[in-house]
Amino acid sequence: MILICKFLSFILSLRGFLSRSKNCVYALLFLVFFFNCFNSFAQETVTPRIVKKIPHDSNAFTQGFIVDKGVFYESTGLYGNSSLRKYNAYSGKLIRKISLDDKFFAEGLTLLNDKLYQLTWKSGIIFVYDKMTFEIEKILRYSGEGWGLTNNDKYLVMSDGTNTLKFRDPKTLRIIRSIAVTHNGLPVKNLNELEFVGNEIWANIWKSDLVACINSDTGRLVRWIDFTSISEKNGNEDVLNGIAYDKEKDKIFVTGKFWNSIYEVSLNGL
Ligand SMILES: [Ca+2]
């Protein structure tokens, strides 16, 4: 009887030890996983340094932002406040501005073959303008939501808030191909304002000051850029949402919704 009691006691203590060991193993695995995630994020994340500040209209709800030959072009959103504008890229002085009908909520903007393409959020319409006069030359239609817009000198590239980017024919908006944006096999959602930089597509992640740099062939994330250090964000809406790349001068500019400034930034030699 005593032997049986001792045996049962041994089994119970062994179970306790194994249970504690299991918990230790789980804790260790969690720490390794957490450390790897943190390390991976740190390795893949670049932070900016401010090179120059340029004035920006703090009433502009920035939805699309580009630069061409010393001129910034911007699309601003919100119903009743949507506009297309251009201003001097050195002084920030306004050159031209038109307001959209109150029923349109403007979104992304891009310049292709001297035509400005301006997206609308839920109207299924892209306005095509002469870049000098801002006269509407054409209206193109698509289905679904419009968020960000850029181009690779041949096709328009559109985001719609998901992790999918669609390459479209600029004349017909026919979808040529799509890429699914992923990081470590998981979808990167809420892709918003876009900019082609070399062979990468840079995409602002909605409601954050993070920019995803994406391989435009595979959709895989190449790195993050964390703009938190220069963000003028105070609330939920006033996040970074404008990325403009000057191809000729190899310069990057960013701004955000209701921000006071546009920032030319240096990104550790990128
Ligand atoms: Ca852009």
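Me: Which residues does Val 211 touch, leaving out those up to four places away in sequence?
Reply: Val 211 touches Trp 202, Ala 203, Asn 204, Ile 225, Phe 227 and Ile 243. Contact here is C-beta atoms, placed from the backbone, within 7 Å.

Me: What kind of model is this?
Reply: A predicted one: local features need pLDDT of at least 70, side-chain atom pairs count only at pLDDT 80 or more, and totals for chains, interfaces and linings use all residues. Numbering starts from 1 along each chain as its sequence is written.

Me: Back to Val 211, what is its bridge partner in β20?
Reply: Ile 225. Strand β19 (residues 210–215) and strand β20 (residues 221–226) run antiparallel, joined by 5 bridges. Strands are DSSP runs of E, at least two residues, numbered from the N terminus; a pair needs at least two DSSP bridges.

Me: What's the strand order in the open sheet of 5 strands?
Reply: β1-β20-β19-β18-β17, with mixed pairing. β1 (45–46) and β17 (191–197) are the edge strands, each pairing on one side only.

Me: And the largest nonpolar core, how many residues?
Reply: 46, and Trp 202, Ala 203, Val 211, Ala 212 and Val 254 have the most contacts inside it. β19 gives the largest share of this core, 4 residues. A core is a set of buried Ala, Val, Leu, Ile, Met, Phe, Trp, Tyr and Cys joined through C-beta atoms within 7 Å. Buried means 20 or more other C-beta atoms within 10 Å of a residue's own, again placed from the backbone.

Me: How much of the protein is buried?
Reply: 33% of the 270 residues.

Technical notes: A residue is buried if 20 or more other C-beta atoms lie within 10 Å of its own, exposed if 12 or fewer, and partly exposed in between; C-beta atoms are placed from the backbone. Two residues are in contact if their C-beta atoms, placed from the backbone, lie within 7 Å.
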